[in-house]
Structure formats: structure tokens, C-alpha cells
Amino acid sequence: VRTAAVIPAAGRGVRLGPGTPKALRTLGGTPMLVHAVRAMAASRAVSLIVVVAPPDGAAEVSRLLHEHPLPERTELEVVPGGETRQESVQLGLAALPDTIDVVLVHDAARPLVPVDTVDAVVAAVRAGAPAVVPALPLADTVKQVDPQPQGSPEPVVGTPERALLRAVQTPQGFDLATLRKAHDTVVEGEGATDDAGLVERLGSPVVVVPGHEEAFKVTRPLDLVLAEAVLARRRA
Ligand code: C5P
């Protein structure tokens, strides 16, 4: 079984505030994307990593990644991405050779996922699950609302039972044929916020394995502070 990782890194990261594309922001002096690539390369199961760069930034990303060498066993490819995350993942999948059977899809925005989490996802796919997501229980109670124009209070529609909810992370792992089919079947404009969501729509089973606190997504400015603290603790 050969396993590849696709890393969508074409987002602009507007929620982080103005500046360079999110994946190129640094953590501990190293671009977030380099951390994410290393996190995938740390798994001995992963033999190929496809990074999906901003559409006009593939050459720059390629140059940057070659400044940060990977283990000998890991092959690296950089392809240009698309307008949406889903499109970017599709472009990454299209770059995978036929020798790959298992694929991980990992957000560049989750630079600090520990290798044990990556290995657990790969192991569950190799053990026969067509789609595997790492996830954690929620600390917060979640409300469903009826969205209103900006500034108006939003009426609450319901409160799903917290104990039944999980916050989903990446890398998500798939049997490659299953994920390709899910992406090929998706209806334009009916995007999902994660890849497993597309597989669910096929009616194929998706299972959850334990995620990790350090696999959090760097989305807002406070997340950068937290990520720097996690890195500093690891280096101490
Ligand atoms: O915006 P969000 O945080 O959900 O993005 C998740 C991941 O998808 C990020 O790593 C981002 O770079 C990537 N992405 C992409 N192409 C886009 C939009 C987002 O590769 N057009």
C-alpha cells in the first residue's frame, strides 16, 4: 500500500488579518506550510506529498519548500490550486499517480499535528475504513441559529446534544478511489467544508478516530499566539 498526502495551501487566510497568504506566515521563524509538510513527512507511511499552492504562487512555494529538505524517502510535488478549498483538493488528487492507494488530505492551516495522529489515521484506512477523520469532543455547547442581517440578534433554532458532537480535524484519510469518486460526484455549489462530508454524501461510511489538541486550525490571530506557545514548549 502506498500513501500520499495532499496539502491544500492555496487559501488567502483573510481571517488572520492582512498580510502574506496564511500558509506562508511563519511560526517559530518557519513558514506554517513547512511545518505542515514536515508533519506529514514525519509519518513513515507517507511516500509522496502534493502541496497545492496559490494559483499564482506555485513557483514561489516550490522554491521555499526546497530550502527545507525532507527525509530521503519522501517525494514532493507542488501544483497550483483553485478558487475554493474543494477545487484545490481536486487539483491535488489529479496529480497523484496510479500507484497510490491511500490519500491523506491535510490543511496547511494545521501545522502542528503530531505524527501519532497521522499514523492512527493511516492505520485505520489501511485496516479497511474507506474514510477516516480525527476528531475531538467539544468544550463549548453548540447552538443552531437562524442567520440574520449583520447586527440583528439571531434566534436560536436548536441545541444538538453536545456529547454526540465532534470537532473534526485533519489529516483526513481515504481510500483514494473513494475520495476521487466523492469529488467527481459533488454538485457544483453544494460544497462541503471537509472532504469526509463529500464521502458521506456518497453514502459511504466515515469513521472517527481520536484527534489531538495540537492539531488545531490556525485561523484567527489568537491561534498564532497559541501555535507559537506550543512550538516553544516542544523546543524547551
Ligand atoms: O479557509 P480554511 O481555513 O477552511 O482553509 C483550509 C485549508 O484549505 C487551508 O490550508 C487553505 O490554504 C486551503 N485552501 C485552498 N484553496 C482555497 C482555499 C483554501 O487550498 N481556494
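The part in view is Asp195 and what surrounds it.

Analyst: One point before the details. This is a predicted model.

Start with the residue itself. Asp195 sits in helix H6, which covers residues 195-202. Is Asp195 buried or exposed? Its relative accessible area is 1%, and buried means under 20%, so Asp195 is buried.

Which residues does Asp195 touch, once neighbours within four places in sequence are set aside? The contacts are Arg85, Val89, Val105, Gln172, Phe174, Leu179 and His183. Distance along the chain is another way to look at this. Gly173 is 22 residues away from Asp195 in sequence, yet their C-alpha atoms are separated by 9.2 Å.

One of those contacts deserves a longer look. The side chains of Asp195 and His183 make a polar contact at 2.9 Å. Beyond residues up to four places away in sequence, His183 touches Gln86, Val89, Gln90, Leu93, Asp195 and Leu198.

Now step out to the helices. H3 spans residues 85-94 and H5 spans residues 176-185. Their axes come within 11 Å and cross at roughly 135 degrees. Angles of 65 to 115 degrees count as roughly perpendicular and those over 145 as roughly antiparallel, so H3 is oblique to H5. The crossing of H3 past H5 is left-handed. Which residues make this contact? H3 supplies Gln86, Val89, Gln90 and Leu93, while H5 supplies Leu176, Leu179, Arg180 and His183. By class, four of the residues are nonpolar, three are polar and one is charged. An α-helix has 3.6 residues a turn, so residues three or four places apart point the same way.

Back to H6 as a whole. Its buried residues are Asp195, Ala196, Gly197, Leu198 and Val199. What do they pack against? The partners are H3, H5, E11, strand E6 (102-105) and strand E7 (131-137).

Look next at the two ends of H6. Asp194 caps the N-terminal end, with a side-chain oxygen 3.1 Å from the backbone nitrogen of Gly197. Just after H6 comes Gly203, which takes a positive phi of about 90 degrees.

E11 covers 172-175, and Pro171 lies in the loop between strand E10 (166-168) and E11. The peptide bond from Thr170 to Pro171 is cis, with omega near 10 degrees.

The axes of H1 (residues 32-41) and H2 (residues 58-66) come within 10 Å and cross at roughly 60 degrees. H1 and H2 are therefore oblique to each other. H1 passes H2 in a right-handed crossing. Leu33, Val34 and Val37 of H1 meet Val61, Leu64 and Leu65 of H2. By class, this contact has six nonpolar residues, no polar and no charged.

Conventions:
Residues numbered from 1 in each chain as written. Predicted model: local features only at pLDDT ≥ 70, side-chain atom pairs only at ≥ 80, totals over all residues. Heavy atoms only, no water. Helix = DSSP H or I, 4+ residues; strand = E, 2+ residues; numbered from the N terminus. Buried < 20%, exposed > 50% of the residue type's maximum accessible area, 1.4 Å probe, protein only. Contact = heavy atoms within 4.5 Å. Polar contact = N/O pair within 3.5 Å; in protein donor to acceptor, adjacent residues only side chain to side chain. Axes fitted to C-alpha atoms, helices over the stretch in contact; angles between N-to-C directions. Parallel < 35°, antiparallel > 145°, perpendicular 65-115°, else oblique. Left-handed = near helix turned anticlockwise from the far one by under 90°. Nonpolar A, V, L, I, M, F, W, Y, C, P; charged D, E, K, R; others polar.
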